[in-house]
Amino acid sequence: MGALLAFEVRRLLRSPRFSIFTVAFPLVMFLGFSSAEGRGDPAVVAYLMVSMAAFGAVAASVSTGSRTAIERQVGWNRQLRLTPLSGVDYLISKVAAAMLVALPSLLLVYAAGVLFMHVDLSPGTWLQLIVFCWLGVLPTAVLGLLIGLLATGDSAQAMSTVLMLGLSMLGGLWLPLSALPAVMTDIAQALPSYWLAEFGHDALAGNVLSFQGVITMAAWIVVAGAFVALRYRRDSARV
Amino acid sequence: MDSTDTVTRGAAVSLRGLVKHFGDVRAVDGVDVTIAPGEVVALLGPNGAGKSTTIDMLLGLAEPTQGAASVFGRAPREAVAAGLVGAMLQSGGLLDDATVSETVALFRAMYPKPLPLKETLQRAGLAELAGRKVGALSGGEKQRVRFAVALASNPDLLVLDEPTVAMDVEGRREFWAAMRSYTDTGRTVVFATHYLAEAEDYADRVVLLRSGRVVADGSVSQVRSLAAGRVITAKIPHADEGALALLPGVTSVLVRGDSTELACVDSDTALRELLDRHPQARDIEVRGAGLEAAFVTLTRQEAA
């Protein structure tokens, strides 16, 4: 299992598209937004930093999982099925790879906050920002893998882009929900992307993790995970 | 003690009453084959004969509709998990963005008693290509990587589905030489092919499939003699395939350009009739049926 994880991560780090969209894009957006809107207000800058880090982590984890579609298409999964690797080991390796790849997206935006925007937080708050937001990637990593198992190689790219944009926009990562009708907040609170950013915003504000958030995240993991397991079994049984 | 049972238990591969339906299509329709350890067996048949489906069931990739497959006395999935089986599938693919050695190393890492990496690469003729990305390889080289992946577990049974399909003549020869050196160590090999020459040259035994059934099973010479016939080749102006097939002694007809091939059970009678009805036939040749003729005769029975 460790071997597959290492193999996956090595391949992902090599992919140029990965680094541009999932690392550079959130970073540029953060620097752009915070220079334009957050000038002089450290609280706004820190808030934006968390939102953009969440966006990068969502993008990285979703696009990682969706690459699975191309692997299935070339017959890689059939090759893997001729090894002792169990379905559970495969799924854990895949989700873990997506999590690992999402980590630099978070860390780079945080680092940009410190270096360029002079975000100044206590070590405890930084630790919370890293740990909580990173764990918050779990549901989107599973969702990305679900797309990878449902889509064909051709449609995976489009599906993951729609999912990524939908989660980011509706989850309030790009626009403050307070500026939108109340119904948008209701929608956002049902999404894992909202809570991923909210875990970070809570850490900034010194609040404890929202119970509603933890429950919502857990529900996404369980439901998406069940679909992934079901789909993986179907996929294997096919042919 | 029941002797068939003993054979089955000691067998490398045992397929018993194997049936696989896809909707109304009977892809495999009752296959019984027992393969002893150390045998090199060719599964021979035209496209759609059920070779790949049979192999899928033998590897546990597909569940039989009826019947059962076992490998070294175990369920296929168990044998695969134990690293007893290495396979090269037509539909199995590699990832272009990984290097050759990364790919082979990954598969090695999953097995309990893998072949050493260096030896695996050497046996597959990849020593010089180890650092190359899979996507940068030629079709034949990629096949060699898949062969290396199949060897990685140091398996007792190798299953190869059309292994040389993307290779040129030279590549094919090298591939079979590599295979030979592996089978000389007493491993069992099952390979599907539609290259008759490969079955003739490399298999101890040929299992001929047609429409999901075994139509012949034996040594190359046994299968050849099953067709028990000869082939008449001639240039016959205005050859009518249907009419020629009705000549006494003829089992099937193949028109290739201006030359016509008649597979015969009784070539003497067929030749007399042929000359009687087509006195203008020329360049007549009669030869003993090779495996190819046996193949044509045995796999075209219904059409003829």
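A: Leaving aside residues up to four places away in sequence, R287(B) touches R230(B), V231(B), T233(B) and E261(B), where contact means heavy atoms within 4.5 Å. This is a predicted model, in which local features need pLDDT of at least 70 and side-chain atom pairs count only at pLDDT 80 or more, while totals for chains, interfaces and linings use all residues; side-chain values use heavy atoms, with hydrogens and water left out. Residues are numbered from 1 along each chain as its sequence is written, and chains are lettered from A and ligands numbered from 1 in the order in which they are written.

R287(B) belongs to strand β13 (residues 282-288) of chain B; helices (H or I, at least four residues) and strands (E, at least two) are DSSP runs, numbered from the N terminus. Its relative accessibility is 35%, so R287(B) counts as partly exposed, given that buried means under 20% relative accessible area, exposed over 50%, and partly exposed in between, with a 1.4 Å probe and protein chains only. G186(B) lies 101 residues from R287(B) along the chain, and the C-alpha atoms of the two are separated by 36 Å.

Of the 304 residues in chain B, 51% are buried. If one takes the contacts in chain B between residues at least 6 apart in sequence, 68% of them join residues at least 24 apart. Chain B exposes about 13,100 Å², of which carbon and sulfur atoms supply 48%; these areas come from the Shrake-Rupley method with a 1.4 Å probe, and for residues only the protein chains shown count as cover. Chain B also carries 32 positive and 39 negative side chains, and the centres of the two sets lie 3 Å apart.  Here Lys and Arg count as positive and Asp and Glu as negative, with His and the chain ends not counted, and each charge is placed at NZ of Lys, CZ of Arg, CG of Asp or CD of Glu.

Two open sheets of chain B can be followed strand by strand. One has 3 strands in the order β2-β1-β4 (chain B), with antiparallel pairing; two strands pair if DSSP finds at least two bridges between them. At the edges of this sheet stand β2 (25-35) and β4 (66-71) of chain B, each with a single partner strand, so one side of each has no neighbour in the sheet. Neighbouring strands here are turned by 20° against each other on average, direction ignored. Strand β1 (residues 13-22) of chain B pairs with β4(B) in the antiparallel sense over 5 bridges, and L15(B) stands opposite A69(B) in β4(B). Across β1, β2 and β4 of chain B lies helix α2 (residues 51-58) of chain B, running at about 120° to β1(B); axes are lines fitted to C-alpha atoms, for helices over the stretch in contact, and angles run from 0 to 180 degrees between N-to-C directions.

The other open sheet has 6 strands in the order β5-β6-β7-β3-β8-β9 (chain B), with mixed pairing. Its edges are β5 and β9 (213-218) of chain B, each with a single partner strand, so one side of each is left without a neighbour in the sheet. From one strand to the next the twist averages 15°. Strand β3 (residues 40-44) of chain B runs parallel to strand β8 (residues 205-210) of chain B, with 4 bridges between them, and L43(B) has V207(B) in β8(B) as its bridge partner. Helix α2(B) packs on this sheet too, touching β3, β6, β7 and β8 of chain B, and its direction makes about 150° with that of β6(B). Helix α6 (residues 139-151) of chain B packs on the sheet as well, touching β5 and β6 of chain B at about 165° to the direction of β5(B).

Within that sheet, 5 of the 5 residues of strand β6 (residues 157-161) of chain B are buried, so this strand is largely enclosed by the rest of the structure. In a regular strand the side chains alternate between the two faces of the sheet. Strand β5 (residues 85-88) of chain B pairs with β6(B) in the parallel sense over 4 bridges, with M88(B) opposite L160(B). Strand β7 (residues 188-193) of chain B also runs parallel to β6(B), joined by 5 bridges, and there L160(B) stands opposite F191(B).
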